[in-house]
Amino acid sequence: MRERNYELEKIDDHTWEIPKTGGMRVPGRLHVDEDTANHLVDEAKSGADWNALDQVINVASLRGIVKASIGLADIHPGYGFPIGGVAAFDRKDGLAVAGGVGFDINCGVRLLSTPLSAVELKESKERIANTLYEVIPAGLGSEGKIDLSIKEINHVLKEGARFSLDRGYGLPGDLEYIEENGSIEGANPEDVSRRAKQRQFKQIGTLGSGNHYLEIQEVDEIYDPGAAEAYGLSENQVVISIHTGSRALGHQIGQDYLEKLEDASEKYDLPIKEKELVSAPIDSPEGQAYLSAMRCGINCAFANRQALSGLARQGLNTAIGLDEKEVKTVYEVGHNTAKFERHEVNGREKELLVHRKGSTRAFGPGRKELPSSYREVGGPVLVGGTMGTASYVLRGSRKSLEETFGSGIHGAGRSMSRKKAKSKFWGEDVEKRLEKDGITVKSHSYPGLAEEAPGAYKDVNRVVSSVHRSGLTPAVARLKPLIVVKG
Amino acid sequence: MSYRYLDHGADIGLEVQSDTLEGLFAEAGKAVFSVMADLDSIGSRQSVEISLEESDMEKLLYEWLSELVSLSNLQSQIYGRFPELKIEEADSQISLKARARGERINPRVHELGTEVKAVTYQGLEIEEEDNGWQCRFVVDV
């Protein structure tokens, strides 16, 4: 691997190309600023055996990949694919790649708006924080309030958000504002192992741990008044963000199919560049089975976030009597998915399997997949920050459609290992410091809080500023946390 | 026998050492659960049996740790002891039999850490050294 050419060609201030060499079928395209580009090259040249540049090159070598192997502004090393990586494959001779989705299938963000202003929330903040901490199952070993059988899990995997809605979680109006209306087709529960289903019996409506959260936030700055109005966002408004995924079921599908796709890679003579970069031709039985199982994972995550949205509404109703109908879904979008989509390649529209690993769908104006009220401005791109800084709402653009198959960033990315963070920060201190800044944190684990300390992450403001200036995903609004519930 | 945490970009890297191969697998199991809880707070009232067969040692380690993560989640238990762990090689197959002892997760009693989503193949390796065995791997959290 060391003989690779790591010289990048500058296209413009925000775009760098890794020229096609060796076994690469397409070039690599990095949508990053100069500092990040230099950092990626330095890391690869230093001989680090795990680096994002090599992963972009590995992905560029996969059969049927179209146009470019893409890295976005929050790119960092992942498993097979880089995180912040996008790759689209030709429907006919391309591949389904498990590493292009990852273990937390359809991990994503739901954003809900409320009619409250931050000032109105202030006096009941502690009560709301305590109530949400009570009603939102989070952390290791927590169990959801919906206890399911295998038969019911099969419904979850086919119906997605609708399943939770039918169980009384959330409002019918939510569905229009979820990708795929909260339920993706082509999900056959028979392609999911019994073990995966059993692991999910008590996990619908749970947040998990790690970087997952539920936050009550304030819209503290608007950058694009037109788009903000279309999304129903205004300055000082209180909103709710929920970041979680498909929980144990998704993890088990990822694990199960790693082995199946390793066998398939051998069967179809597909070179394995990295152990987690295994794949199968899209149209092979193995590829079809993976895509079906992965879609079951997508629906599971939809059901999970729908249940949590319902619980958050109930929590606010219990704490301050807020009518559940007044809490509206702004949007829900995943950042670990593979989906069939139509995009223009060399002037011709093609059907592609677009893998987004740690990347949010960012469709520009006009796409029919968007809710009709967002079609004019482009779809919301929900970017999670750290609990001490901010999250952002960006929007898809014509440029993102043209250059990244309609994809944008998903978060800040870590700058410090969990080990270092734990030795540098104490959970209790993190909690106190945030409280001083007006952020109430309710966490089930102090060590977990230390690992997630804001100082352990890259500056999300800088990452967002880069994609805003490049015009790929312009900023619409910034969301500052007021209450954070973590696992 | 010992394990230590490695600096790692986004997740958690672990390095484990032991005099014997069996000890290495047991210690690797402990290392994974140390991410999830303070093992001193975990009792050993409950147990599960695990039996695996693989064609190579690294794959066996991956399967062993993945099975532990999966069972822990399924049973809502955390395991801190792995007595009776046996690894045998025959006819190019390696088999593992073990009992994992632990107890049901109770957030009120146990000091809990971070949930492990999956064990990964990233940088996973086992090496035999002059004075014993060593392995490295990364868990996705």
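The model is a predicted one, in which local features need pLDDT of at least 70, side-chain atom pairs count only at pLDDT 80 or more, and totals for chains, interfaces and linings use all residues. Residues are numbered from 1 along each chain as its sequence is written, while chains are lettered from A and ligands numbered from 1 in the order in which they are written.

Along the principal axes, the C-alpha atoms of chain A fill a box of roughly 60 × 50 × 45 Å. Of its 487 residues, 61% count as buried; a buried residue has 20 or more other C-beta atoms within 10 Å of its own, an exposed one 12 or fewer, and a partly exposed one a number in between, with C-beta atoms placed from the backbone. Among contacts in chain A with a separation of 6 or more, 77% join residues 24 or more positions apart; a contact requires C-beta atoms, placed from the backbone, to lie within 7 Å.

Chain A contains 15 helices and 19 strands, where helices (H or I, at least four residues) and strands (E, at least two) are DSSP runs numbered from the N terminus. Seven of the strands form an open sheet with mixed pairing in the order 1-2-3-4-5-13-12; two strands pair if DSSP finds at least two bridges between them. Strand 1 (9–12) and strand 12 (336–345) of chain A each have a single partner strand, so one side of each is left without a neighbour in the sheet. Neighbouring strands of this sheet are turned by 25° against each other on average, direction ignored; the axes are lines fitted to C-alpha atoms, for helices over the stretch in contact, and angles run from 0 to 180 degrees between N-to-C directions. Within the sheet, strand 5 (residues 83–90) and strand 13 (residues 348–357) of chain A run antiparallel and are joined by six bridges. A:Ala87 has A:His355 in strand 13 of chain A as its bridge partner.

Two loop residues of chain A deserve attention for their backbone angles. A:Asn346, in the loop between strand 12 and strand 13 of chain A, has a positive phi of about 50° although it is not a glycine. A:Asn346 is exposed because 7 other C-beta atoms lie within 10 Å. A:Lys67, in the loop between helix 2 (52–60) and strand 4 (69–76) of chain A, is likewise not a glycine and has a positive phi of about 70°. With 19 C-beta neighbours inside 10 Å, A:Lys67 counts as partly exposed.

In chain B, four strands form an open antiparallel sheet in the order 1-2-8-7. Its edge strands, strand 1 (2–6) and strand 7 (118–129) of chain B, each pair on one side only. Strand 1 and strand 2 (residues 12–18) of chain B pair over five bridges, and B:Tyr3 has B:Val16 in strand 2 as its bridge partner. Helix 1 (residues 21–36) of chain B lies across strands 1, 2, 7 and 8 of chain B, at about 150° to strand 2.

The two chains meet where 35 residues of chain A are in contact with 26 residues of chain B. Helix 9 of chain A gives the most to the side of chain A that touches chain B, with five residues.
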